[in-house]
Amino acid sequence: MSEETVPETAPPIRDWPAVDLPGSDFDPVLTELMREGPVTRISLPNGEGWAWLVTRHDDVRLVTNDPRFGREAVMDRQVTRLAPHFIPARGAVGFLDPPDHTRLRRSVAAAFTARGVERVRERSRGMLDELVDAMLRAGPPADLTEAVLSPFPIAVICELMGVPAADRHAMHTWTQLILSSSHGAEVSERAKNEMNAYFADLVGLRSDSTGEDVTSLLGAAVGQGGITLEEAVGLAVLLQIGGEAVTNNSGQMFHLLLSRPELAERLRSEPEIRPRAIDELLRWIPHRNAVGLSRIALEDVDVKGVRIRAGDAVYVSYLAANRDPEVFPDPDTIDFGRSPNPHVSFGFGPHYCPGSMLARLESELLVDAVLDRVPGLKLAVRPEDVPFRKGALIRGPEALPVTW
């Protein structure tokens with residue numbers, strides 16, 4: 001892709017440094033890009049060249065659901081990106097296009113249906129109660145992240161994946177190293193290789209399994225020849241890592257609720273509004289830095305009068321789409337009564353997050369347990385003194401000091 005292929009009317013290329021932002025602050029560069037127009041051009045801190053950025057709700061849904069934009073072609077390209085290292089495994093579900101993508105997703109779909117998620121509800125509630133009990137026994141002050149928000153999603157995703165409890169700590173360590181950009185490419189790559197090897201063993205052992213957990217479903221699919229072991233491992237790693245995103249999302253959620261006590265009080269006094277309120281918090285919270293994975297235009301496509309040429313890299317911003325005033329009136333306001341709320345926090349199209357129901361379940365269980373069982377809960381420091389993760393792709397507090 002060269003400058004010559006771009007029409008003269010193309011917007012200028014904006015550098016997006018993607019610095020660490022405090023709390024739930026919305027990225028000021030993204031705000032400017034949204035003002036600039038529906039389709040802009042960006043250069044991120046790593047990779048090469050520039051990419052298109054699409055920010056309006058309808059355009060984001062178009063790009064993510066249109067077969068003229070593909071993921072597979074990203075594999076062989078050094079597209080401009082946020083992460084300093086880019087270690088995609090060939091055949092990994094995030095870089096597949098239909099029909100291979102559809103075949104792979106189908107192999108684990110049963111675990112992520114309403115029934116599959118309900119299967120772990122009671123066990124999840126029990127594990128959460130144990131964590132809250134331990135925090136209350138130890139007494140205030142506490143770090144809510146360390147006591148509850150970090151161990152809970154790890155326990156739940158391991159339960160759904162079929163990872164034994166004894167291996168949870170290793171999973172958590174690998175995930176942190178893979179998700180952080182501050183340790184360097186070598187450390188991240190080693191962690192990913194170790195997690196790959198772990199799941200290759202676990203899935204391999206379950207080729208005759210009739211279990212309902214994810215690794216059993218993958219083992220059975222490999223045993224029947226529906227997918228390869230390499231594909232199964234790539235999917236298992238993606239799901240395991242994605243499961244821990246709830247730690248950061250819920251960390252931001254509780255940081256926000258405790259920074260604005262009137263919101264927490266409303267959820268305490270009106271429990272019936274919690275599911276809708278959680279959806280609104282999912283819409284409003286800026287859960288990541290910059291943008292995720294790009295797509296490549298497979299043919300020339302016009303988006304809002306801008307010609308995107310075959311071979312061009314394209315990013316969508318779900319955060320920007322969630323603040324589109326055409327779809328969400330007064331988008332910067334948290335409105336627990338907002339309805340409808342067609343947010344795209346879990347993505348859209350074929351790559352829609354398979355764990356969305358699980359993430360909602362965990363968020364609802366957390367809000368119920370923490371708000372109801374610790375009625376006097378409040379921050380132990382000023383909201384602005386809560387330390388947020390540095391160099392993380394997914395935003396969230398490093399620690400959440402609380403008292404009651």
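This note goes through selected features of a predicted model, point by point.

1. Basis. In this predicted model, local features need pLDDT of at least 70 and side-chain atom pairs count only at pLDDT 80 or more, while totals for chains, interfaces and linings use all residues. Residues are numbered from 1 along each chain as its sequence is written, and side-chain values use heavy atoms, with hydrogens and water left out.

2. Packing of H9 and H10. Helix H9 covers residues 185–204 and helix H10 covers residues 214–223; they pack at an angle of about 70° with their axes 8 Å apart. Helices (H or I, at least four residues) and strands (E, at least two) are DSSP runs, numbered from the N terminus. Axes are lines fitted to C-alpha atoms, for helices over the stretch in contact, and angles run from 0 to 180 degrees between N-to-C directions. H9 and H10 are therefore roughly perpendicular to each other; angles under 35 degrees count as roughly parallel, over 145 as roughly antiparallel, 65 to 115 as roughly perpendicular and the rest as oblique. The crossing of H9 and H10 is right-handed, meaning that the near helix is turned clockwise from the far one by less than a right angle.

3. Residues between H9 and H10. On the H9 side the contact is made by Phe199, Leu202 and Val203, and on the H10 side by Thr215, Leu218, Gly219 and Val222. Contact means heavy atoms within 4.5 Å. By class, this contact has 5 nonpolar, 2 polar and no charged residues. Here Ala, Val, Leu, Ile, Met, Phe, Trp, Tyr, Cys and Pro count as nonpolar, Asp, Glu, Lys and Arg as charged, and the others, Gly among them, as polar.

4. Salt bridges. The structure holds 26 salt bridges, each a side-chain nitrogen of Lys or Arg within 4 Å of a carboxyl oxygen of Asp or Glu. Asp300, Asp302, Arg307 and Arg309 are linked in a network of salt bridges.

5. A pair within one helix. Glutamate 122 and arginine 125 form a salt bridge, with 2.7 Å between the closest N and O atoms. Both lie in helix H5 (residues 121–138), 3 residues apart, so about one helical turn separates them. Glutamate 122 is exposed, at 53% relative accessibility, and arginine 125 is partly exposed, at 32%. Buried means under 20% relative accessible area, exposed over 50%, and partly exposed in between (1.4 Å probe, protein chains only).

6. Arginine 274 and helix H16. Arginine 274 forms a salt bridge with aspartate 368 at 2.8 Å, N to O. This pair links distant parts of the chain, with arginine 274 in helix H14 (residues 274–284) and aspartate 368 in helix H16 (residues 356–373), 94 residues apart. Arginine 274 also forms a salt bridge with aspartate 372, the closest N and O atoms being 2.8 Å apart. Aspartate 372 lies in H16 and arginine 274 in H14, so this pair ties together parts that are 98 residues apart in sequence. Arginine 274 is buried, with a relative accessible area of 4%. Aspartate 368 is partly exposed at 31%, and aspartate 372 is partly exposed at 44%.

7. Helix H7. This helix (residues 151–161) is mostly covered, with 9 of its 11 residues buried. The buried residues are Phe152, Pro153, Ile154, Ala155, Val156, Ile157, Cys158, Leu160 and Met161. Glycine 162 follows H7 and has a positive phi, near 85°.

8. Cis peptide bonds. Proline 98 and proline 99 are joined by a cis peptide bond with omega about 5°. Proline 99 sits in the loop between strand S4 (69–70) and helix H3 (100–112). The bond from serine 339 to proline 340 is also cis, with omega near 0°. Proline 340 is in the loop between helix H15 (318–321) and H16.

9. Lysine 304 is not a glycine, yet its phi is positive, about 50°. Lysine 304 is in the loop between strand S7 (301–303) and strand S8 (306–308), and is partly exposed, with a relative accessible area of 44%. Aspartate 330 likewise has a positive phi, near 50°. Aspartate 330 lies in the loop between H15 and H16 and counts as exposed at 52% relative accessibility.
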